[in-house]
4 protein chains.
Amino acid sequence: MNSFGQIFRLTTFGESHGIAVGGIVEGMPAGIPVDEDFLAREMARRRPGQSAITTGRQEEDRVELLSGIFEGKSTGTPIGFEVRNSNQHSADYDNMRDLFRPSHADYTYTMKYGIRDHRGGGRSSARETLSRAVGGALAKMALRTRGITVTAFTSQVGDIVLPGTYLDYNLGDAENNAVRCPDTETAARMETLIREVKAQGDTIGGVITGVIQGLPAGVGEPVGNKLHADLGAAMLSINACKGFDYGLGFADCGKRGSEMLDTFVVRDGSIMTAANHSGGIQGGISNGQDIYFRCAFKPVATLLREVETVNKDLEPAVLKARGRHDPCVLPRAVPVVEAMAAMVTLDHLLLSKTARL
Amino acid sequence: MNSFGQIFRLTTFGESHGIAVGGIVEGMPAGIPVDEDFLAREMARRRPGQSAITTGRQEEDRVELLSGIFEGKSTGTPIGFEVRNSNQHSADYDNMRDLFRPSHADYTYTMKYGIRDHRGGGRSSARETLSRAVGGALAKMALRTRGITVTAFTSQVGDIVLPGTYLDYNLGDAENNAVRCPDTETAARMETLIREVKAQGDTIGGVITGVIQGLPAGVGEPVGNKLHADLGAAMLSINACKGFDYGLGFADCGKRGSEMLDTFVVRDGSIMTAANHSGGIQGGISNGQDIYFRCAFKPVATLLREVETVNKDLEPAVLKARGRHDPCVLPRAVPVVEAMAAMVTLDHLLLSKTARL
Amino acid sequence: MNSFGQIFRLTTFGESHGIAVGGIVEGMPAGIPVDEDFLAREMARRRPGQSAITTGRQEEDRVELLSGIFEGKSTGTPIGFEVRNSNQHSADYDNMRDLFRPSHADYTYTMKYGIRDHRGGGRSSARETLSRAVGGALAKMALRTRGITVTAFTSQVGDIVLPGTYLDYNLGDAENNAVRCPDTETAARMETLIREVKAQGDTIGGVITGVIQGLPAGVGEPVGNKLHADLGAAMLSINACKGFDYGLGFADCGKRGSEMLDTFVVRDGSIMTAANHSGGIQGGISNGQDIYFRCAFKPVATLLREVETVNKDLEPAVLKARGRHDPCVLPRAVPVVEAMAAMVTLDHLLLSKTARL
Amino acid sequence: MNSFGQIFRLTTFGESHGIAVGGIVEGMPAGIPVDEDFLAREMARRRPGQSAITTGRQEEDRVELLSGIFEGKSTGTPIGFEVRNSNQHSADYDNMRDLFRPSHADYTYTMKYGIRDHRGGGRSSARETLSRAVGGALAKMALRTRGITVTAFTSQVGDIVLPGTYLDYNLGDAENNAVRCPDTETAARMETLIREVKAQGDTIGGVITGVIQGLPAGVGEPVGNKLHADLGAAMLSINACKGFDYGLGFADCGKRGSEMLDTFVVRDGSIMTAANHSGGIQGGISNGQDIYFRCAFKPVATLLREVETVNKDLEPAVLKARGRHDPCVLPRAVPVVEAMAAMVTLDHLLLSKTARL
């Protein structure tokens, strides 16, 4: 249960302070050019220490691709990969050995397994998402051969909400600022808020919006593994993600059916929708329009201040985190959202080839 | 891709106007008393025509359990079941044969399969959720032997929002009114709104809240198949569901980490949380507290008024639905939300037994 | 764990003396003509009571297809089906309620589940293979649109072994005699042996050979789910099947590599093998040559004579079967071997479409 | 499709001449002591160059466990591992770049993927089974905490067949000779034959027998994933394995039911069988007796002599292998058979815990 996908399938391993994290990508279509520079750039987008508003940890995160590639192209066989852990300050976590940090997985892992690697959160650390970024980069390499793109950006931090929809911005602009918001003015306000929160030893949550463009109609499944259900599960598997909606989502609830209709029209000889309230998916299957969705991220639970908790002997205890942590995960979660979305998209694109003989 | 679950696994079949809908439940634990009266009551909760604010269709929805039960108990072998379709007015749909209804799955199924059963929406009809209700009823029978309950209720219709949280009401009261809202006064306002909308040939969306109680700590998976990710995928697989969040969910995004901490305390000799902002799940694994979540439902797309669309020859067309449809799916979706949640819960409870030898 | 296949997937349910047996076929490619007459003929081949050397039970085995078909073609959605049980003599089994029949699954089911439906062997009855025959007939309908055929025949009964290989006979001739052996003279000797054994209240085992023709090169998987491993698992899942080999199989073991080489040659502008010792599969993937394999079937364990055993209270007991049973399962297992092989072949043919984008 | 198992699940990656081979073990039960010395010994049993009758390659095969272990015990999270490739003579394979070696997977991989890593057989190399040995060693560590053992030995090489059954020997003696046959005299004759064959630049096949002891009754599945079907698929996934049977297997076919009955008796207060013709499994589920099975291995296809073949341009070509190869794979396949059997056994043991709540 450490896998994502049916055909294009990522399985991950690794703890934050173990020897390495990594994974295996199965089902990479054969013959796709593997662009290692692109991979390195994608990893850099997720890396800690990339700006003043992310954690101060400096990790190199150098990915080694171990198999499945021959003379620069995917061979169709599994791509094993790993990233060695380094720059670990395991001693920072010694005081957490017998404590259960509030809002963390310490207690639940202990109850499930009876044993846990307490250093740096172990398997529950967001460092595991590094493997998702690798899988996502490979998926993007395949998708772009079909003109399909996956983009995400920060659309809310605390109570600062991006005013427009994804159509109102040049999404590429999100990479020009530290919060990864495509609107310069909003980005600046978000960044200021994150700095304030950080100065208080506190953290803040927000929303990431994702967009999939260029996916043809007819991709998805009708009951189990609906395209949006697989997207939702993928997003909810990202650390700190607490909610998912697509199309108008929760905003739909207050509306009437007559307002929400995705009327079909013919444009350039093709069937399209006049609006796209449905978010590109109907009945679990893509309709050829843009797919857009939102992911809610809670504020990180690790505070740089004293916190009350209990230890494994049920005694009260006080905890002061000494690790290096993000005051807001959104900027570094943006590439992870893209990675998960790219993997789900490619998986379903491959699966859709089996609908007819 | 018509299945849900790993160990406790439901696979469904059937179209709205075919011969029957049904499914197979695998992994029902052996030795559980099978209560056919309870099953019948659960089916009645999902049945069309149960009140003035649901569709006028009268379906008997009699479930026949075909296997896997011996002398009133589950044997551990698969339980096949079916519900024969009847009371079909297939001719109501003749005019839809070559049309693509806006916001429906007509177009996407056609693009995927090249063929579709247009009668009553075929496989994309909400009638398919009848099989989910059967699976859910069986899961509930197993869960109650361990004191685990799953309850859902309508918490929003249009812009009418239930003011309190699930802790503020007697959830059983939801069954006392047609909208399945546990607050009598709010329920009355919701029902009035639905009647208004129906009179206009329109439809309205809303939110359903679900609650799982009594699940022990340590149930769930750490990376793939996180408990909340499986719950989310299950909910998003329900027709018209556009969003899912758990714990404080989207409301978390505007908050600071210091406000959201689930401080551990010792109560009655057990570790519990002071609040339960996390919604009973940390790191994908249950912590023994209540699990609560929300599901956003869009307004049903079938309006009882003229609607513009296109046909398969890319010509403009006007559509007037003649079927019988719900103005608001929420009341009948409540038991489906419970069913899906019960199946996910039982599946993970069984899976958690394999974490140690 | 009641399923076969990844994309084309059959899940079965049902006990011998329950209400019905049946299943769900997922992943049937869309647009395939569904030939119900062909299905009925396939079912007749598996039916009890079809000749003097099979069980005397008379079952109609009428299959009802419940979904997934529209105007005579598959729609790509799951095909649910059932066969009602009738002509049950459950009382024949009353004396077996507390006994464990030797070489049957009575004891193992009881140890696994703590409960069992003792009537007619319950889920362990060969009646379950009826659902396999339905899945196989559907798979054959899809395969024949690509010119792929699957054929099986009896090649050994007791110590009577068909002298030649599958290339030496007109395989269609196997349907002309009750044992389903393509050589008339050998078939007559086999039939005589079965009659003798039957007269003694005894049973006899044998071997079935299967042949898949017309499958293009490049179908299969390289490590897990090798084409021959999936075939082997499928065959070993058939009641009474104790062994499987493909190509020269066990006969290969005594040979030298230099004798066994499948030298490549060019014939009609295509790459072929001079011989076909490998049985059409190399490295788990088809090479375009005929695939051939053998399945070993043990003698049926139900004897029509007194047999010593123990009961659930660990007391010695004597058992006299009163049901109606085959003296030799081979003739009726031939269509089941074909069905399983057809399903595996179609599943892999669909899967092979995902190897490249 | 590079995985084995449902709960205890091994996924492998890697090509013979790539950077590394390795894999991920999911579902290792938590709290099992991980014995790295035992792991090293198991790897040494599979290593090339271990005796005069195996390939002359000298590989260190040092396994690095990368995750899932904390303070010497499994944590329940996935165990990633890798073995770096070294001592590669890739240039030995340059002449095979455009050739299709007879009886190898060169042609079938090319037809499936359109691209292949020709060096050392790539993914189709038996080097991939190194990852199986790692998974098997971990499974054995878990099984031995329950007193369950898995043992295999060479029972046939060419036409030299071990005269007795597994009960007639001290199975541990198999490790005392290079062919891994428990009978000293037979082992010596087998070794002589292998040396002769090797001197001729030829290769030879044989049979490996496996035995699982100590598995309690009630482990397995009734229809899909029967215990022996999963065992069979696991064995058939091993390179060069062409056949599998269990219990009396193919030898059963010539017998009568009355000879083959596994009569139940009570011994030491437990239900056992008088004989064990069924090989410890009835109806797909263990009965508490020893499980024994055979695997047929073909002679290795790589000969150290000139061989005729064709190239990718359909031209005739002559091939002379220059790599280092085993004249007989049996001795080194014995630990791989054990590894696969151990993994299947543990997987089903874990799965059996879910049969009851």
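Visitor: Hi! How many residue pairs are in polar contact across the interface of chain B and chain D?
Guide: The rule finds seven residue pairs in polar contact there, both partners at pLDDT 80 or more. Do keep in mind that this is a predicted model.

Visitor: And how many salt bridges across that interface?
Guide: Zero, by the rule used for the interface of chain B and chain D.

Visitor: Which helix of chain B gives the most to the side that touches chain D?
Guide: That is helix 7, residues 330-351, with four residues. Taking that whole side of chain B, the residues divide into ten nonpolar, two polar and three charged.

Visitor: How many residues are in contact there, and what area do chain B and chain D bury?
Guide: On the chain B side 15 residues are in contact, and they meet 15 residues of chain D. Between them the two chains bury about 1400 Å², with 67% of it on carbon and sulfur atoms. In chain B, the residues that lose the most area to chain D are B:Lys353, B:Thr354 and B:Leu357, together 50% of what that side buries.

Visitor: By what turn can chain B be laid on chain D?
Guide: A turn of 180° with a shift of 0.0 Å along the axis does it, and the RMSD is 0.0 Å. B:Lys353 comes up again here: in chain B, its C-alpha is the nearest to the axis, 3.2 Å from it. The same surface serves both copies, as 100% of the contact residues of chain B recur in chain D.

Visitor: What is the count of salt bridges between chain B and chain A?
Guide: The count is two. One of them joins the side chains of A:Glu221 and B:Lys112, at 3.3 Å from N to O.

Visitor: What relation do chain B and chain A have?
Guide: Chain B can be laid on chain A by a turn of 180° and a shift of 0.0 Å along the axis, with an RMSD of 0.0 Å. That is the relation of a two-fold axis. Also, 100% of the interface residues of chain B are interface residues in chain A too, so the copies meet through the same surface.

Visitor: New topic: is B:Thr154 buried or exposed?
Guide: B:Thr154 is buried, with a relative accessible area of 0%. Its place is in strand 9 of chain B, residues 149-157.

Visitor: What does its side chain reach?
Guide: The side chain of B:Thr154 reaches the backbone oxygen of B:Val179 at 2.7 Å. Beyond its neighbours within four places in sequence, B:Thr154 has contacts including B:Cys181, B:Met190 and B:Leu330.

Visitor: Where is B:Thr186, and is it buried or exposed?
Guide: B:Thr186 is in helix 4 of chain B, residues 184-199. B:Thr186 counts as buried because its relative accessibility is 1%, under the 20% cut-off. Leaving aside neighbours within four places in sequence, B:Thr186 is in contact with B:Ile160, B:Leu162, B:Pro163 and B:Cys181.

Terms used:
Residues numbered from 1 in each chain as written. Chains lettered and ligands numbered in written order. Predicted model: local features only at pLDDT ≥ 70, side-chain atom pairs only at ≥ 80, totals over all residues. Heavy atoms only, no water. Helix = DSSP H or I, 4+ residues; strand = E, 2+ residues; numbered from the N terminus. Buried < 20%, exposed > 50% of the residue type's maximum accessible area, 1.4 Å probe, protein only. Polar contact = N/O pair within 3.5 Å; in protein donor to acceptor, adjacent residues only side chain to side chain. Contact = heavy atoms within 4.5 Å. Least-squares fit on C-alpha atoms with pLDDT ≥ 70 in both. Buried area = accessible area lost by both parts, 1.4 Å probe. Salt bridge = Lys/Arg side-chain N within 4 Å of Asp/Glu carboxyl O. Nonpolar A, V, L, I, M, F, W, Y, C, P; charged D, E, K, R; others polar.
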